[in-house]
Amino acid sequence: MKFATNGYWVNIRQASDKRFVFIEASDFADKATLYLPLRRESLKPLPVLPMTKGVLHQVDSRGDYFYFSINDKNGCHRLVRTPIDKTG
């Protein structure tokens, strides 16, 4: 993933169910999250959500789903669930 500015922070954390590692790149207005499945042979990072200008989110996993809080509707955060196999 390439970024047009040097003003991004990177955070690496493990999902609460310990099945994934999340790699998050963000600034004050944008965020992108990649994930590494820890139970597969390939450790290629896959996108959970693309970077969208002005949209922030926080991702976690439980069972077969990613859960995330996202502010993509009128700036208000909402909780969303999506199947893990529908990302990437």
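Q: Is tyrosine 65 buried, partly exposed or exposed, and what is its relative accessible area?
A: Tyrosine 65 is partly exposed, with a relative accessible area of 28%. Buried means under 20% relative accessible area, exposed over 50%, and partly exposed in between, with a 1.4 Å probe and protein chains only.

Q: What kind of model is this?
A: This is a predicted model, in which local features need pLDDT of at least 70, side-chain atom pairs count only at pLDDT 80 or more, and totals for chains, interfaces and linings use all residues. Residues are numbered from 1 along each chain as its sequence is written, and side-chain values use heavy atoms, with hydrogens and water left out.

Q: Which ring is paired with tyrosine 65?
A: The ring of tyrosine 67: the two centres lie 6.4 Å apart with the planes at 55°, so the pair is tilted. Rings of Phe, Tyr and Trp (its six-membered ring) pair if their centres lie within 6.5 Å; planes under 30 degrees apart count as stacked, over 60 as edge-to-face and the rest as tilted. Tyrosine 67 is partly exposed, at 29% relative accessibility.

Q: How many aromatic pairs are there in the whole structure?
A: A search finds 6. One of them is phenylalanine 20 with phenylalanine 66, a tilted pair at 5.2 Å centre to centre and 55° between the planes.

Q: Where do those two phenylalanines sit in the chain?
A: Phenylalanine 20 is in strand 2 (residues 20-26) and phenylalanine 66 in strand 6 (residues 65-73), 46 residues apart. Strands are DSSP runs (E, at least two residues), numbered from the N terminus. Both phenylalanines are buried.

Q: Which residues form a cluster through ring pairs?
A: Phe20, Phe22, Tyr35 and Phe66.

Key
Helix = DSSP H or I, 4+ residues; strand = E, 2+ residues; numbered from the N terminus.
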